[in-house]
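Subject: Structure for your review, with notes

Dear colleague,

I am handing over the structure below, and after it I set out what was found. Please read the notes with the coordinates open beside them.

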Amino acid sequence: MQHGSQLNELIKINQLITSALTEPAQLTVAFTQQLQALPLNKWPLVDLNSQLKHTINAKNALEQALQLAKLHKLTQYAPETEALFVTLRLQLTLKLNLIDKVYIVAFTKSADEIRDHNRFLTDKSSPLLSSFNPDNALNAMQPLFIKAQEQYAPFLLVTNNLMTHPVFTDYPKIHQALLDWSQLERDILMPYDNFVSYSQNSEQRVDKINTILALLSQQHQQSSLEHAQLALNDIQKQHPQAFDLMEKLKHDSVFVYSATYN
């Protein structure tokens, strides 16, 4: 085992692993199943925000650890860590998929709701636009738009809430798709700028909804929920040699520092 930079990187990796696997109150399969069973207006947003935040923190720490391991080719210098990194990649995959699942469930439930509003509002606006000028038609539709906004408000609360978490900044297509979703909500429920083409653009809006859901689903299919979620103690028991090595390196680095500066 080479010392120097490899030693320092394994110590950093040990810190990142500990940080990731001791992050409190993370998303679980059971919690995402609970969300799936609940209507969106019954979602526990305080708990969701907390668990999502901690899971994102853990995800980021695991990603950093695995990137360092790959960058410094640590399995060449410490073969006993190779199986550990396989386990950590599976845990990262699980966390990514749990995050994906929350977004897929939330936006699928919202899509069902907003499609219904799009269809109803299109049906009501079409004869008005064919009989009156756009301003008069829009004025006649105002009570229906206000009612639709009120009915959709619980869904808007959840989708806006999820967009405050910087989950998909590394996935530009999905990040942009979620920004497009906000515009779609406005186009369907608050079409004040271009109401003249509201009816004729109805199918285009539905296509955009389906495209965004497909992007989220593609992201989700890259991972699996089949792997068990493991705590730090579980992984330490599975890979004692790797953790013994990292603890020894940590101890040696403290000893070297003490001998140098004392």
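I begin with Gln91, which is found in helix 5, where helices (H or I, at least four residues) are DSSP runs, numbered from the N terminus. The model is a predicted one, in which local features need pLDDT of at least 70 and side-chain atom pairs count only at pLDDT 80 or more, while totals for chains, interfaces and linings use all residues. Residues are numbered from 1 along each chain as its sequence is written, and side-chain values use heavy atoms, with hydrogens and water left out.

Gln91 counts as buried because its relative accessibility is 2%, given that buried means under 20% relative accessible area, exposed over 50% and partly exposed in between (1.4 Å probe, protein chains only). Leaving aside residues up to four places away in sequence, Gln91 touches Leu62, Ala228, Gln229, Leu230 and Ile235, a contact being heavy atoms within 4.5 Å.

Turning to the nonpolar cores, each is a set of buried Ala, Val, Leu, Ile, Met, Phe, Trp, Tyr and Cys residues joined through side-chain atoms within 4.5 Å. The largest has 47 residues, and those with the most contacts inside it are Trp43, Leu48, Tyr103, Phe107 and Leu162. Two or more residues of this core come from each of helix 2 (29-37), helix 3 (45-71), helix 5 (82-131), helix 6 (134-163), helix 7 (172-189) and helix 8 (202-220), and helix 5 gives the most, with 14 residues. Trp43 itself touches Leu35, Leu38, Leu48, Val102, Val105, Ala106, Lys109 and Val158, again not counting residues up to four places away in sequence. Apart from this core lies another, of 29 residues, among them Ala58, Ala65, Ala78 and Met246. As general background, nonpolar side chains tend to be buried together in soluble globular proteins.

Which residues line the largest cavity? They are Lys59, Leu96, Asp100, Val167, Phe168, Tyr171 and Gln219, and a lining residue has an atom within 4 Å of a point of the cavity, itself a set of points on a 1 Å grid over the protein atoms alone where a 1.4 Å probe fits but cannot get out. The volume is about 30 Å³, taken as the space filled by probe spheres set on the points, which are joined across faces, edges and corners, and a search of the whole structure finds one cavity of 30 Å³ or more.

The search also finds four salt bridges in the whole structure, each being a side-chain nitrogen of Lys or Arg within 4 Å of a carboxyl oxygen of Asp or Glu. Lys59, which is among the cavity-lining residues, meets Glu63 in one of them (3.2 Å, N to O), and both lie in helix 3, four residues apart, about one turn of the helix. Lys59 is buried, with a relative accessible area of 4%, and Glu63 counts as buried at 17% relative accessibility.

In helix 5, Arg115 and Asp112 meet in a salt bridge (3.2 Å, N to O), and because they are three residues apart, about one helical turn separates them. Arg115 counts as partly exposed at 21% relative accessibility, as does Asp112 at 43%. Arg119 and Asp116 meet in a further salt bridge (2.4 Å, N to O) and are likewise three residues apart in helix 5; Arg119 is partly exposed, with a relative accessible area of 48%, and Asp116 counts as partly exposed at 39%.

With kind regards

Key: 1 Å grid on protein atoms, 1.4 Å probe; cavity = no way out; pocket = protein on both sides within 12 Å on 5 of 7 lines; lining within 4 Å.
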